[in-house]
Amino acid sequence: MRECIRCHTEMVEGCDLKVQGAGYGIILADSEKIFANRLGKPKVAVCPKCGEVSIYFDNVDLLKK
Ligand SMILES: [Zn+2]
């Protein structure tokens, strides 16, 4: 369960972020380099009460070096 940082309401998880006008999503990488390791897609949660959008990555094991 993901809680809104603003109003502490339970957020709606599992949304996806898309670039308008194209079918592309976004991807998380571990540096600014073009060939950085791609860690996968971040997840998006939306608060149904205040509209706060939270982008998060649930596979945090990949971030541990
Ligand atoms: Zn909220």
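Val44 is placed in strand β4, where strands (E, at least two residues) and helices (H or I, at least four) are DSSP runs numbered from the N terminus. Val44 is buried, with a relative accessible area of 3%. Buried stands for under 20% relative accessible area, exposed for over 50%, and partly exposed for values in between, with a 1.4 Å probe and protein chains only. The structure is a predicted model, in which local features need pLDDT of at least 70 and side-chain atom pairs count only at pLDDT 80 or more, while totals for chains, interfaces and linings use all residues. Residues are numbered from 1 along each chain as its sequence is written, and side-chain values use heavy atoms, with hydrogens and water left out.

The zinc ion has four protein donors, namely the SG atoms of Cys4, Cys7, Cys47 and Cys50, at 2.2 to 2.4 Å from the ion. Donors are N, O and S atoms within 2.8 Å of the metal (3.2 Å for Na, K and Ca); water is not among the atoms, so sites may look incomplete. The spacing of the donor residues in sequence is C-x2-C-x39-C-x2-C. Cys7 belongs to the segment before β1 (12-15) and Cys50 to the loop between β4 (43-46) and β5 (53-56), so this pair ties together parts that lie 43 residues apart in sequence. Cys7 is partly exposed, at a relative accessible area of 24%, and Cys50 is also partly exposed, at 40%.

The angles among the four donor atoms run from 104 to 119°, and the site of the zinc ion is tetrahedral. Four donors count as tetrahedral if all angles lie between 85 and 135 degrees. The ideal angle for four tetrahedral donors at a metal is 109.5 degrees. The count of disulfides (pairs of cysteine sulfur atoms within 2.5 Å) comes to zero.

His8 is found in the segment before β1. The phi angle of His8 is near 60°, which is a positive value in a residue other than glycine. His8 is exposed, with a relative accessible area of 53%.

The count of salt bridges comes to five. A salt bridge is a side-chain nitrogen of Lys or Arg within 4 Å of a carboxyl oxygen of Asp or Glu. Asp16 is paired in this way with Lys18, with 3.3 Å between the closest N and O atoms. Asp16 is partly exposed, with a relative accessible area of 37%. A salt bridge is also formed by the side chains of Asp16 and Lys41, at 3.1 Å from N to O. This pair links distant parts of the chain, as Lys41 is in the loop between β3 (38-40) and β4 and Asp16 is in the loop between β1 and β2, 25 residues apart. Lys41 counts as partly exposed, at 45% relative accessibility.

Asp61 forms a salt bridge with Lys64, in which the closest N and O atoms are 3.2 Å apart. Asp61 is exposed at a relative accessible area of 54%, and Lys64 is exposed at 59%. Through salt bridges that share partners, Asp16, Lys18 and Lys41 are joined into one network.

Leu17, Val19, Tyr24, Ile26, Val53 and Ile55 make a nonpolar surface patch of about 520 Å². Patches consist of residues with over 30% relative accessible area and no salt bridge, where nonpolar side chains (Val, Leu, Ile, Met, Phe, Trp, Tyr) are joined within 5 Å and like charges within 9 Å. Accessible areas come from the Shrake-Rupley method with a 1.4 Å probe, and for residues only the protein chains shown count as cover. Val19, one of the patch residues, lies in the loop between β1 and β2 (28-29). At 38% relative accessibility, Val19 is partly exposed.

Asn59 is located in the segment after β5 and is partly exposed, with a relative accessible area of 36%. Asn59 and Lys43 are 16 residues apart in sequence, and their C-alpha atoms are 10.0 Å apart in space.

Methods: Four donors count as tetrahedral if all angles lie between 85 and 135 degrees; four count as square planar and six as octahedral if opposite donors are over 155 degrees apart and all others between 65 and 115; anything else is irregular.
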